[in-house]
Every structure is written in structure tokens, then in C-alpha cells.
Amino acid sequence: MRYTEEASARMAETFRSVGEKHGYENVNAEFVAFKHFKVQWQRSYKWISFRVSDYLADAPGCVLHDLAETLFSKIEGKDVEYSEAMRKWVLDESFCREKRPIFIKRGRYLSRGPVGKQRDLSDSLNRLEDAGLIERGSDIQAVWNCDYRSDLAASYSVLMRTIMVSESLDNADIPDFVLDYVIYRQCLMIKEGIQSFGRSDTCDISGNEKLFERYQDAERMLNKLCLAL
């Protein structure tokens with residue numbers, strides 16, 4: 001993702017200004033091309049350095065300021081949440097639409113679309129919509145993950161509204177309902193993650209997976225395939 005020197009300088013100045021108010025004499029901050037949206041930091045007594053996801057390179061000044069305030073408060077041990085301005089900006093569908101192609105491209109094991117060798121993940125999303133299990137127009141995209149080192153049937157990104165399904169399931173012999181259930185579970189996690197973003201580190205789908213009629217059959221088959229959810 002490209003960003004200007006002006007954007008980098010603006011972000012660094014914002015973090016420096018907020019850091020001074022929190023007692024730091026030397027504050028550094030730089031954008032980094034992480035795959036996932038995240039921030040890392042290192043610090044000593046009066047020195048701190050941040051590595052900030054470059055998905056925020058075009059964020060408004062108020063969002064960067066709120067992020068800095070939240071991070072410094074968390075570092076001080078305070079129980080704080082992201083501001084509403086921050087949540088609204090990163091959870092907006094336009095953020096997902098603009099950043100998701102970059103996110104997928106950065107995933108070295110991810111396909112560029114839903115069509116695999118034998119299965120099309122879009123078919124599962126369409127069946128779930130037809131069954132009323134997920135909302136139409138939810139802007140969720142599913143792609144294949146060919147990293148066989150993982151025993152996960154699928155994983156997900158809340159902000160990118162992306163489901164990454166193990167290529168182990170790209171098999172015509174696996175029933176549709178198994179693949180549908182895997183994607184349905186991830187859709188539930190994304191929906192809950194959007195609601196709890198910045199407020200909780202865990203997603204609780206509260207038994208909603210049982211709304212899927214054949215969830216027990218699907219879970220048994222996934223166990224046989226040694227794939228976890």
C-alpha cells in the first residue's frame with residue numbers, strides 16, 4: 001500500500017504530541033505493511049516506538065489521535081476502548097472495500113478469489129443467503145487458503161470481512177453442507193467481531209451455530225478430516 005511522506009510525518013507527529021502528554025520524551029512512529037491490522041510497540045522509561053499498520057495511512061487526523069490516546073492509555077494499564085470515531089472509520093464498508101484487495105494480496109497462501117479447483121466458495125455464501133442464515137449484501141468474501149501447516153478448516157478477518165477456507169475442503173467428495181457450515185461459522189464470528197471490535201478480545205457466537213440444521217453432522221465430518229473450527 002502506498003502512502004506519502006506527508007502521511008507518515010502526520011502520523012508520527014500525532015503520536016509524538018500525544019506521547020508527550022503521557023510523559024514520554026522520545027516518541028517514534030512509522031507505518032508498516034503488516035498483513036493484518038495491528039500496532040506493535042517497544043518502550044523504555046521515557047522512550048517509545050510504534051509500528052502502525054499502513055491500513056491507517058489515509059485515516060483522518062482525529063482517528064490517528066484517538067488511536068494514539070487509546071494505545072498510551074492501555075500501556076498505562078487503563079481499561080479503555082477504541083473511540084467511536086476510530087470504530088466507525090475502520091468498520092465502515094468503504095474501509096473493507098479499499099483495503100481487502102491489499103490484505104488478500106499480502107496473504108502468500110491465499111487465492112485471489114473464491115473459485116478453487118473443484119469448489120466455488122460463492123456457492124456456499126449464496127446457499128446461506130437463500131436459507132436466511134446470513135444477510136444479503138453483507139459484503140463478505142471467501143477465498144482459499146493453501147497453507148497446509150494449519151489444521152484450521154477456516155479463519156477470518158473482521159475488518160476485511162474475509163473468510164479464508166482450507167484448501168483441504170476444495171474437494172467434490174465433501175458434501176456441500178460441510179463447506180456451508182464452515183463458512184457459516186466464520187460469518188457468525190465476523191458479525192460478532194464487528195459488534196465487539198475494540199471492546200473485547202474474544203468473539204462469542206452464543207450457540208448460533210446450532211441454527212444450521214446439520215451442524216452436528218458437519219462437525220463430525222470435520223473431526224474425521226482432522227480440521228478444527
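Guide: Gladly! Buried means under 20% relative accessible area, exposed means over 50%, and partly exposed is in between, with a 1.4 Å probe and protein chains only. This is a predicted model, where local features need pLDDT of at least 70, side-chain atom pairs count only at pLDDT 80 or more, and totals for chains, interfaces and linings use all residues. Residues are numbered from 1 along each chain as its sequence is written, and side-chain values use heavy atoms, with hydrogens and water left out.

Visitor: What makes Asp54 and Arg106 a salt bridge?

Guide: A salt bridge needs a side-chain nitrogen of Lys or Arg within 4 Å of a carboxyl oxygen of Asp or Glu. For Asp54 and Arg106 the closest N and O atoms are 2.8 Å apart, and the pair qualifies. Asp54 lies in the loop between strand E3 (47–53) and helix H2 (61–75), and Arg106 in helix H4 (residues 93–106), so parts 52 residues apart in sequence are tied together. Those helices (H or I, at least four residues) and strands (E, at least two) are DSSP runs, numbered from the N terminus.

Visitor: Is Asp54 buried or exposed?

Guide: Asp54 is buried, at 1% relative accessibility.

Visitor: How do you know that Asp58 and Lys99 form a salt bridge?

Guide: Their closest N and O atoms are 2.9 Å apart, and the limit is 4 Å, so this pair counts. Asp58 sits in the loop between E3 and H2 and Lys99 in helix H4, 41 residues apart. Lys99 is buried at 1%, whereas Asp58 is partly exposed at 39%.

Visitor: Why are the rings of Tyr82 and Phe197 called stacked?

Guide: Rings of Phe, Tyr and Trp (its six-membered ring) pair if their centres lie within 6.5 Å; planes under 30 degrees apart count as stacked, over 60 as edge-to-face and the rest as tilted. The centres of Tyr82 and Phe197 are 5.3 Å apart and their planes are at 20 degrees, so the pair is stacked.

Visitor: What makes Arg214 a charge over the ring of Phe177?

Guide: The rule asks for NZ of Lys or CZ of Arg within 6 Å of the ring centre and within 35 degrees of the ring normal. Arg214 lies over the face of Phe177, at 3.9 Å from the ring centre.
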